[in-house]
Amino acid sequence: MIDQVDDFVFLDSVQLVGRSWQVRNKIKSNGQEKMLTVPIGVIPHMTETYDCICGISDHTLGTEVAIASAALGAKIIEKHLTLGRGDRGVDAAFSMEPKEFSDMVRQVRNIEKAKGSVTYQLTENQKEGRKFGRSLFVAEDIPKGSIFTRHNIRSVRPADGIATKHVDNIIGRKARYDLKKGMPLSWEMIE
C-alpha cells in the first residue's frame, strides 16, 4: 500500500466501501486544517493505482480545496454544513453555511463540465473559432517556379490557407503555378 506518510500529514483512514475509497487527510494543528498542507495531489494517483473512486473529507475553510479536488478527480467531497456559524457547535468554525455550500456545489459542477473527457476532436465552438485563427497566405505575387520564402508568404487571418505550423515545410519549395497576392496557400500550389 502506501509505505510512508509525511511527518506532518496523517492519512486518518482509507476505507473500502464496495469499490469506493474515502480519503481523509488531516493535519494536527489545534483541530483546524491548514489549507496549504492538504495533499490533494494524491487523488489522481490513488484513483489510478487502486482503480477506485476517490474523495476527500475537507475541513478547510472556503471552497478552494474542494474545487481543486474535483478538478483532480475526486468524486466524493465531504464538507460540514451548519445553518449558522453562531450556533457554536463543535464543527461550526469550519462548517459551511447553506449559501456557501450551494455555491461550492455549483462551482464543482462547473469544474466537472469544464474537464469534459479526453478527446482530441474539436468541439463545435472550437471549429467555429478556428476560422479566426491564422494560416498561410501569398504575401506578394509569386511566378510559377519561384521559391517560397518568409517574404512572399505570411501567417494572417482567417484560417483559409495551410496551417501556420507547416511554414518550415514550405519555405524553399517551388510554386506550381503563378500565384496572386492575397490567395490562401494550399498544398496544390506547392511542388
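This is a predicted model: local features need pLDDT of at least 70, side-chain atom pairs count only at pLDDT 80 or more; totals for chains, interfaces and linings use all residues.
Trainee: How many helices and strands does the chain have, and in what order do the elements run?

Mentor: There are five helices and six strands. From the N terminus on, the order is β-β-α-β-α-β-α-α-β-β-α. Of the 191 residues, 31% count as buried. Among contacts with a separation of 6 or more, 48% are between residues 24 or more positions apart.

Trainee: Why does T60 count as buried?

Mentor: Its relative accessibility is 2%, and buried means under 20%, so T60 counts as buried. T60 sits in the loop between β3 (55–57) and α2 (64–71).

Trainee: What makes the pair T60 and D58 a polar contact?

Mentor: Their side chains are joined at 2.5 Å, and the cut-off for a pair of N or O atoms is 3.5 Å. The value of 2.5 Å is within that limit, so the pair qualifies.

Trainee: T63 lies in the loop between β3 and α2. Why is T63 called buried?

Mentor: T63 has 18% relative accessibility. The limit is under 20%, so T63 counts as buried. Leaving out residues up to four places away in sequence, T63 touches M96, M104 and Q107.

Trainee: Which residues of α2 are buried, and what follows just after the helix?

Mentor: The buried residues of α2 are V65, A66, I67, S69 and A70. Just after α2, G73 takes a positive phi of about 110°. Most residues other than glycine have a negative phi.

Trainee: Why does E97 count as partly exposed?

Mentor: E97 has 27% relative accessibility. Buried would need a value under 20%, and exposed a value over 50%. The 27% of E97 falls in between, so E97 counts as partly exposed.

Trainee: Where is E97, and what does E97 touch?

Mentor: E97 is in the loop between β4 (76–78) and α3. Setting aside residues up to four places away in sequence, E97 touches L81, T82, G84 and R85.

Trainee: How do you know that the span of α3 is close to the expected one?

Mentor: Helix α3 (residues 98–115) has 18 residues and reaches 26 Å from its first C-alpha to its last. At 1.5 Å a residue, 26 Å is expected. Just after α3, G116 takes a positive phi of about 60°.

Trainee: What makes both faces of β5 covered?

Mentor: S135 and F137 on one side of β5 are buried, and so are L136 and V138 on the other.

Trainee: Why do β5 and β6 count as paired?

Mentor: Pairing needs at least two bridges. Four bridges join β5 to β6 (residues 153–156), so the two strands pair. They run antiparallel, and the bridge partner of S135 in β6 is V156.

Trainee: Why is R157 called exposed?

Mentor: R157 has a relative accessible area of 54%. Exposed means over 50%, so R157 is exposed. R157 is in the loop between β6 and α5. Apart from neighbours within four places in sequence, R157 is in contact with F132, G133 and R134. A polar atom of the R157 side chain lies 2.8 Å from the backbone oxygen of F132.

Trainee: What kind of peptide bond joins R157 and P158?

Mentor: The bond is cis, with omega of about 0°. Most peptide bonds are trans. P158 lies in the loop between β6 and α5.

Trainee: Which residues touch the most other members of the largest nonpolar core?

Mentor: Of its 13 residues, these are I142, F148, I153, I170, L179 and L185. The elements giving two or more residues to this core are β5 (135–138) and α5 (167–170). A second, separate core has eight residues, including C54, I56, V65 and A74.

Conventions: Residues are numbered from 1 along each chain as its sequence is written. Side-chain values use heavy atoms; hydrogens and water are left out. A nonpolar core is a set of buried Ala, Val, Leu, Ile, Met, Phe, Trp, Tyr and Cys residues joined through side-chain atoms within 4.5 Å. Buried means under 20% relative accessible area, exposed over 50%, partly exposed in between (1.4 Å probe, protein chains only). A polar contact is a pair of N or O atoms within 3.5 Å; within protein, one must be able to donate a hydrogen and the other to accept it, and residues adjacent in sequence count only if both atoms are side-chain atoms. The expected span of a helix is 1.5 Å times one less than its number of residues. Contact means heavy atoms within 4.5 Å.
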